[in-house]
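Me: I have a structure open here and want to go through its contacts. Can you take my questions one at a time?
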Amino acid sequence: MSLSSVDDLKQPMTWPTGGATRIPYRLYSDPEIYALEQERIFKGPVWNFLCLEIDIPNAGDYKTSTVGETPIIATRDENGGVHAMVNRCSHKGALVCLKEKGNAKMLTCIYHSWSFDLAGNLKGVAFRNGLQGKGGLPDDFDTSKHGLETLRVETFCGLVFGTFSDETPSVESYLGQPMSKFLRRNLGKPLKPLGMHSQIIHNNWKLYAENVRDSYHATLLHTFYTTFKINRLDMDGGIVLAEDKWHHISYAKRETFDEAEEYKRSNIHAAQYDSQLDGPQLLNAWNEFDDGITHSIQAIFPNLAIQFTLNSLCVRFFVPRGIDKTELFWFYVGYEDDTEEQTAMRVMQGNLTGAAGLVSLEDGCINEFVQRGTHGSEGKAGLAEMGGRDVESSDASRATETAIRGFWTGYRKIMGIA
Amino acid sequence: MNTAIEDFIIAYAHDIDDVRLDGWPDYFTEDGTYTILTRENLAAGLPMGIMYCQGRGMMSDRIKAMKEANIYEAHTYCHLLGRSQIEENSDGSYQARTNFNIIRTMQDGASEMFAVGKYLDVIEMRDGQPQPQPLFKERKVVLESRRVDILLVYPL
Ligand SMILES: [Fe+2]
């Protein structure tokens, strides 16, 4: 199925009245929409996260990933340059790199031994001139026209981004000023890998894109946040939206906690858990910055988020693996100049998030509950009116769904849905 | 001694399968460590796993959060263990390696392989009657896969 515009859909699609405050459930389960997203979003004018620079530190290093469903290779060449290509041999379409990570001088397809340099140029064709004067490629075969399909690549703060589109502006202008400034705050120093794992969540990728922008749920569903005062809505905090609305930052300042009556009064699951930690070392933390922000999550359209919870710094990357399946990668990092104690604290606080995160494990199932709950209701829509109906930054409160409205504003535009 | 250790390792698994988790921290020494990590991260020498408990206190926090704070769909585990390979260390403690396969059953009836890997244990023998009592000084749960389905809340 290859679609390029909403007009190609068999079942016409228009956005319900109410704009970004209404989220058509069909978008979570319609295979045609999913196919259209591959073209318009992942192959469109966005910067896709490919890998971290520390995944490919040395000349010849490569790492495979996917942009939407398209397999790609990111490489570092002999001069330190970073490249990205579709992981598909220009001959018969086989995967060129089979390993997730590796180091090579040339990338060679095992099927017929066609080989490519680290920038994707075709350098060798086995038996190009045939054998004993017979067979081989025609004389006019132009190897320079048969390299791997390349992506434009830019790195920013240790993140490697790629795009299929010539129209995507530079990463920095794609992000906009507030987003790039905050990324520099969090990832602006040489990074050190701490560990990675992934999680299969049984929901459409956009449910997770909403979930990371949902500052409203974070302290209702995630009891641990609330109880141990890591992140609550009665701390100073806010939401910053990018100019295009589709990226966001949500932040909280732990020191400003001023217990709100609403948590005590209302029947909030998250406020019912009364506990002291038997292992209080879990929450030993130091202030990394002097801006008072102790918890933040920043989402970059389409499928990247950077989390800084106390001292736990993690790059989350969520990849569509089908209409109702998403692989969520957790790349935990520290800084190269961290002391041993600091590394130990980051490792300790790793317990808060990830597939077994004391705070975040609910997100492994909550999006699936929406996926299942909306089956059979494809003609209906979800609501996002918390904090009003506008799509603006909110420096007063995070009891808002403005960042979710921001996601859908950007989504609707890039998908071209009237 | 090997039989006592094997019985201990089996009892641990059965307690989790039967959801008797309050006593889970008591399988460890007071300062024992429990780590779930991936084969890949272990091989790369990376320090971070999927779960890490340092001492019984952190283990009880896990159980308490699991029972009272965390939200997830009901499920149970069934551990299938291979025979343990046990060796004595020079300090009198023991090392054990045991392969496991854990089947998870969800409330809709799906029974599927959830985790496969090996336990790498350091076991201390404590005085006891009628025989010495093994305790985990260190239990590393090494998963073959880096990928967890849905979420991980019960200890493995
Ligand atoms: Fe969440």
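Me: How many residue pairs are in polar contact between chain A and chain B?
Reply: In this predicted model, the count between chain A and chain B is 22 residue pairs in polar contact, both residues at pLDDT 80 or more.

Me: Which elements of chain A give two or more residues to the side that touches chain B?
Reply: They are β12 (191-201), α6 (223-227), β18 (326-335), α8 (340-349) and α9 (363-373) of chain A. The largest share comes from β12(A), with nine residues.

Me: And how do the residues on that side of chain A divide?
Reply: Into 20 nonpolar, 15 polar and eight charged.

Me: What does β12(A) pair with in chain B?
Reply: With strand β8 (residues 147-149) of chain B, in the parallel sense, over three bridges. In β8(B), B:D149 is the bridge partner of A:I200.

Me: How many salt bridges are there between chain A and chain B?
Reply: Three salt bridges. In one, B:R146 joins A:E100, with the closest N and O atoms 2.8 Å apart.

Me: New topic: what are the domains of chain A?
Reply: The assignment gives domain 1 (48-155) and domain 2 (177-415). Their contact takes nine residues from domain 1 of chain A and 13 residues from domain 2 of chain A.

Me: How much area do those two domains bury between them?
Reply: About 940 Å², 70% of it on carbon and sulfur atoms. A:F49, A:L52 and A:I54 supply 53% of the area that domain 1 of chain A buries against domain 2 of chain A, more than any other three residues.

Me: How many salt bridges across that interface?
Reply: Zero salt bridges between domain 1 and domain 2 of chain A.

Note on methods:
Residues numbered from 1 in each chain as written. Chains lettered and ligands numbered in written order. Predicted model: local features only at pLDDT ≥ 70, side-chain atom pairs only at ≥ 80, totals over all residues. Heavy atoms only, no water. Domains from an automatic or database assignment. Contact = heavy atoms within 4.5 Å. Buried area = accessible area lost by both parts, 1.4 Å probe. Salt bridge = Lys/Arg side-chain N within 4 Å of Asp/Glu carboxyl O. Polar contact = N/O pair within 3.5 Å; in protein donor to acceptor, adjacent residues only side chain to side chain. Helix = DSSP H or I, 4+ residues; strand = E, 2+ residues; numbered from the N terminus. Nonpolar A, V, L, I, M, F, W, Y, C, P; charged D, E, K, R; others polar. Pairing = 2+ DSSP bridges.
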